[in-house]
Amino acid sequence: MNILILGGGGREHTLAWKLSQSPKLKKLFVAPGNAGTAVVAKNVPIGVNDFEKIKELVLEESVEMVVVGPEDPLVNGVHDFFLNDEALAHIPVIGPQKAAATLEGSKQFAKEFMMRHGIPTAGYSSFGPGDLEDGYAFLETLPPPYVLKADGLAAGKGVLILDDLQEAKSELKTMLIDGKFGEAGARVVIEEFLDGIELSVFVLTDGKGYLVLPTAKDYKRIGEGDSGLNTGGMGAISPVPFADKEFMDKIYQRVVKPTVEGLKIDKLPYKGFIFIGLIKVGGDPMVIEYNVRMGDPETEVVIPRIQNDLVELFQAVADQTLDQIDLQIDPRTAATVMMVSGGYPEAYGKGKAIEGFGQIGDSLVFHAGTQLREGQVVTSGGRVMAITSFGGTMEEALKKSYANVGKVRFEGMNYRKDIGFDL
């Protein structure tokens, strides 16, 4: 089978690495890919939202399945583009159609979905530019801290958590009136703050049945002890130690089942990954957000733990036969540490030569922001490379990852030294 992956980060390298192990795979393409995907697939310099160019590639190379990595093309309707094109309609796309992708594309849509289907989440209200005074009044009814979320896609930067009421009001105005997050912040969802510990649950669904994949916990802040600015993720652990059987049963019954059933009831066709961002409050799960694809860097710990043939899993999604799959999970812990460019998540340099990762043999190396320049692997993004290791315990897995991070060198390299500190 010829398969195309859309995307060019650590998530896509991990998926490419896993798919490339399948005897069912003939050719693998990644658009646009990175220096890591180039080792296991053919990179094609096409943007993930350039649907016409994607069509040309698919027809030219007889691609038989498309796996969508990032959220942008899903929210922009890449699945619908295939379904509505006679030449492409027979090719399965792993990722939901546009209407269902609104679960990530609009925070308000997601909140309304949760309320409608009785899925536990924080109380909220949403506001547009004409509702500024109402927004101020709503903030005054809440105890601090105040949670402000840009309604649309803001590349992981659209959530503000503020302790001061005046600052929260000022930021609300900046978002709604001054366009701080552009189109994404044209509406703002204000939520009550939930105090607890976070985790992510991943579901693969074919629109009828579903499989619950391993849990993971990622670390978003740039600084030790979860301090500083939000990033795309600095590391992850799977499984999550506190997600015991009793807690997971609550997640199945209160969150996973009503989510999948809710998609059917609302006639939102869904074939692909559902990422459920949760927080444990007391002993109960509450939903923070939905994403309509795998997370990054969670993919780098979840996918390596899946022992099934990933081509077979995706084929079952396409054929709606997931209920026939017996999911096999590696019982060991996987831990990933992300190496990032100096200055990230603010301004950072690119084109720095990366050395030493070729010496790593007992861990997995997943490229994120890398590219090949005249035979040399160089940095091309904020998050550069992830090292994932297995261990009998979380500590053992982390020790191995950190030992191998120590072998990698590039100018300005930064990483968090406390992944898993709160577990």
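**Close-up views of a predicted model**

**View 1. A salt bridge between Asp-266 and Arg-116.** Asp-266 and Arg-116 form a salt bridge, with their closest N and O atoms 2.8 Å apart. The pair ties together distant parts of the chain, 150 residues apart: Asp-266 belongs to the loop between α10 and β16 (272-281), and Arg-116 to helix α7. A salt bridge here is a side-chain nitrogen of Lys or Arg within 4 Å of a carboxyl oxygen of Asp or Glu, and by this rule the count comes to 22 salt bridges. Asp-266, at 23% relative accessibility, counts as partly exposed, and Arg-116, at 47%, also counts as partly exposed. For these labels, buried means under 20% relative accessible area, exposed means over 50%, and partly exposed lies in between (1.4 Å probe, protein chains only). A word on the model: this is a predicted structure, in which local features need pLDDT of at least 70 and side-chain atom pairs count only at pLDDT 80 or more, while totals for chains, interfaces and linings use all residues. Residues are numbered from 1 along each chain as its sequence is written, and side-chain values use heavy atoms, with hydrogens and water left out.

View 2. Lys-180 pairs with Glu-171 in a salt bridge whose closest N and O atoms are 2.9 Å apart. Lys-180 counts as partly exposed at 37% relative accessibility, whereas Glu-171 counts as buried at 16%. The side chains of Arg-416 and Asp-418 also meet in a salt bridge, at 2.8 Å from N to O. Arg-416 is buried, with a relative accessible area of 0%, and Asp-418 counts as buried at 13%. Salt bridges with shared partners join Glu-71, Glu-104 and Arg-293 into one network.

**View 3. Arg-305, buried without a salt bridge.** Look for Arg-305 in the loop between α11 (299-302) and α12 (310-319). Arg-305 is buried yet has no salt bridge, and the nearest side chain of opposite charge, Asp-330, is 5.6 Å away. Lys and Arg count as positive and Asp and Glu as negative, while His and the chain ends are not counted. Leaving aside neighbours within four places in sequence, the contacts of Arg-305 (heavy atoms within 4.5 Å) include Pro-214, Ser-238, Gln-328, Asp-330, Arg-332 and Phe-390.

**View 4. Helix α7 and its surroundings.** In helix α7 (residues 107-116), the buried residues include Lys-107, Ala-110, Phe-113 and Met-114. Helices (H or I, at least four residues) and strands (E, at least two) are DSSP runs, numbered from the N terminus. The buried residues of α7 pack against α6 (98-105), β6 (124-127), β7 (146-150), β9 (188-191), α10 (245-265) and β17 (284-291). α6 and α7 pack at an angle of about 100°, with their axes 6 Å apart. That makes α6 roughly perpendicular to α7. The contact involves Ala-99, Thr-102, Leu-103 and Gly-105 of α6 and Lys-107, Phe-109, Ala-110 and Phe-113 of α7. Axes are lines fitted to C-alpha atoms, for helices over the stretch in contact, and angles run from 0 to 180 degrees between N-to-C directions. Angles under 35 degrees count as roughly parallel, over 145 as roughly antiparallel, 65 to 115 as roughly perpendicular and the rest as oblique. Just after α7, Gly-118 takes a positive phi of about 65°.

View 5. Two strands pair if DSSP finds at least two bridges between them. Four bridges join β1 (residues 2-7) to β4 (residues 65-68) in the parallel sense, and Ile-3 stands opposite Met-65 in β4.

**View 6. Strand β16 and its two partners.** β16 is mostly covered, with eight of its ten residues buried. Strand β10 (residues 197-205) runs antiparallel to β16, and nine bridges join them. Glu-198 has Ile-279 in β16 as its bridge partner. β16 also pairs with β17 in the antiparallel sense over seven bridges, and Lys-280 has Pro-285 in β17 as its bridge partner. The hairpin of β16 and β17 has two residues between the strands, and Gly-282 there takes a positive phi near 65°.
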